[in-house]
Structure formats: C-alpha cells, structure tokens
Amino acid sequence: FVNKICRSEKDWSMKDLKPALISEMRTATANGKGVLMAVSGGVDSLVTAVIMHRANPDNLYLVYVDNGLMRNGETNEINKLFQKMGFKHFEIIDAKADFLDKLKGVNDPEEKRRIIGHTFIEVFEKKALALKKKSDIQFLAQGTIYPDRIESAQPSKAASKIKSHHNVTLPEKMHLKIIEPLKELYKDEVRELGEELGIPKERVWRHPFPGPGLAIRILGEVTEDRLRVLREADEIFISELKKEGQYDKIWQAFAALLPVKAVGVMGDSRTYENIISLRAVTSKDAMTADWAKIPYDTLERISTKIINNVRGANRVLYDISQKPPATIEYE
C-alpha cells in the first residue's frame, strides 16, 4: 500500500533524523533561555541530553537526582560519564532522605509512582529557581519515547492507562515548556540514533532502567534493608549475564524483590527470608516481549551465588511470563 499504491519512496533514515532533530531543538530554544533536564544515565535521557547539547550547549542544565533508589555504584558511574562527555552544566542533587521518607509505609505501585513523580517535581522546582539566578530557565527537556506515551494513555483519551510514567506527568506541576525530541521513537530507534550521535556502544545498548528506580522492583514497602537485598542480588545477576555472554542477547534483565518470605535452610539453621525473582526478556520495541531462554546452568550459578552471598535472600525464581499479558516491569 505504502510503496505501490501511494508510491512513497523509502528515503527516510536515522542519519537524516539526527541533523533534523538537532535543528528542530536549536530552533525551539533559540531565544537564549535555559533548558533544564533530568538525566539518569539510561539511553533515553542520554540521547536526549546529547541532542540538546548539540543544539544549545551553553544553556543546557543537566540534573541528576540521587533518589536513593538506584543500583550499586550508579551515581558515581553516571557522574564520571557526564563529566567525560563534556557537558558544561551538570549537577548531582542528593535527595535520598526525602524520597525514602515519603515512601515509608507505601505499598501500592501507582501510589509509589505518584510520590516519586511529585517529589521529582519538587526537586526540579527548587533547582529551577536556583538556576534562574544564573540563567532564565524556560524549558524542560525529557527523554519520553513512544511506548511511555502508550502505557500512560497519552496518544488518545480512549486508551487505557497501564501505568504512570513520571516523565509524562511532570508538566502538570511545572511552569516550564516541555521539549521531547524522542517522543515519536521506539527504543530500538533511540539506540540507532544514539549510535549515529557517537555515544559509546556500552551506553547505547545498556538495558532500560525505570525512572522510579528500584522502588517499582520492590513489591511492597521500600526500605533501606530491602533496597540493599535487591541491589546485591541485581548486581550478581547482571554481572553473571555479562560474564556468560548473555547480557547483549537480552533486551532487559533485572532482579525484583517479592513481598513474601519463604522457609529455607542455611547450614544447620532454618531461615525465613526474602524471595528474589529474576526477570529477563527479549524484545525489539518493548511493546511485546518474550522471556529470555537463559541456559539452565547459567541460571543455576546465578541462583547459587545470590543465595550464598546476599544476606536476607534464600530463594530465587525465574519469571517466564510474556508481555502481554504481563508487563516487563513488576509495578
């Protein structure tokens, strides 16, 4: 239909999109006003940041919020990345205590997302006011991609909302003009664009990580101890996948902490500890996904290592659910 009936030519390419997006963003911010953006180190926000930097390097202000919900060593890693890439204005905000305090006693996943999203708003409003002393901030750039809009029911009023994304709910409270250069792209297209922009391969092909962080991979209440257990289990899972050459074959992999405990035996003692669920999927655009067929011996080594090394976990499960009906993330 497209080629024969409409006689449309196959002349679109990512190489053409790169200069077009940069030019579009340069025009949108040509008034010399400041652009504020939250970055997480993930591919969506990183590609967005690079596009905005190419378009308006002097007036781009990047903020990384350490919300206490990140993985082991993530803040230091991201700090080194953005310093190395030469962004002129990059700042880390330590908001761990604020986020964790507001999440105390909260179990509902949508409520957790709401709290995290609103806390982000508060942090950005404070930062925007501080930055106005140096630059007139008028724009908020976001790494929203098309699946985010689908799952948040943004394309139409008739769509059913699957979950809230903090990056598409921020505009409700902030007095800034929203800029979303990637809003029509899928994840595979964002990665292709990242390669065209010259971003290191290991960053472009890094597995997706949710904006609300580990809060939505902990089913139930988020506490310091539950965060520790999940961080340690997740680190083992990902490091073993990389060691076994499985990481690059998988779209997304992570550990989740279930809100139940199980009986186990450690040495001569009976234990009653947390259950870790491992999730790994293959996909192209995150709209559908299949569970990754990780070799049994690899899963066995990962399970044994988690149970032997993570205090507070005594059972490991592997999730073999597809999307749909399940989602990739747990909350």
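**Group meeting: a walk through the chain**

Hi everyone. Of the 331 residues in this chain, 52% count as buried, where buried means under 20% relative accessible area, exposed means over 50%, and partly exposed lies in between, with a 1.4 Å probe and protein chains only. Before I go on, this is a predicted model, so to speak of local features we need pLDDT of at least 70, side-chain atom pairs count only at pLDDT 80 or more, and totals for chains, interfaces and linings use all residues. Residues are numbered from 1 along each chain as its sequence is written, and side-chain values use heavy atoms, with hydrogens and water left out.

Let's start with the overall fold. The chain has 11 helices and nine strands; these are DSSP runs, with helices being H or I of at least four residues and strands E of at least two, numbered from the N terminus. The radius of gyration is 21 Å, close to the 20 Å from the globule rule for 331 residues, so the chain is as compact as a globular protein of that length. That radius is taken over C-alpha atoms, and the rule is 2.2 Å times the number of residues to the power 0.38. Along the principal axes, the C-alpha atoms fill a box of roughly 70 × 55 × 45 Å.

Now to the aromatic rings. Rings of Phe, Tyr and Trp (its six-membered ring) pair if their centres lie within 6.5 Å; planes under 30 degrees apart are stacked, over 60 edge-to-face, and the rest tilted. By this rule there are six aromatic pairs. One of them is Phe99 with Phe120, edge-to-face at 5.5 Å centre to centre and 75° between the planes. This pair links distant parts of the chain, with Phe99 in helix α4 (residues 96–102) and Phe120 in helix α5 (residues 109–131), 21 residues apart. Both Phe99 and Phe120 are buried.

Next, Tyr146 and Tyr186: their ring centres are 5.5 Å apart and their planes at 65°, so this pair is edge-to-face. Tyr186 has 26% relative accessibility, so it counts as partly exposed. There is also a cluster, in which ring pairs link Phe82, Phe87 and Phe90.

Pro324 is found in the segment after β9 (313–318). Finally, Arg7 has a positive phi of about 55° although it is not a glycine. At 72% relative accessibility, Arg7 counts as exposed. Thanks, everyone!
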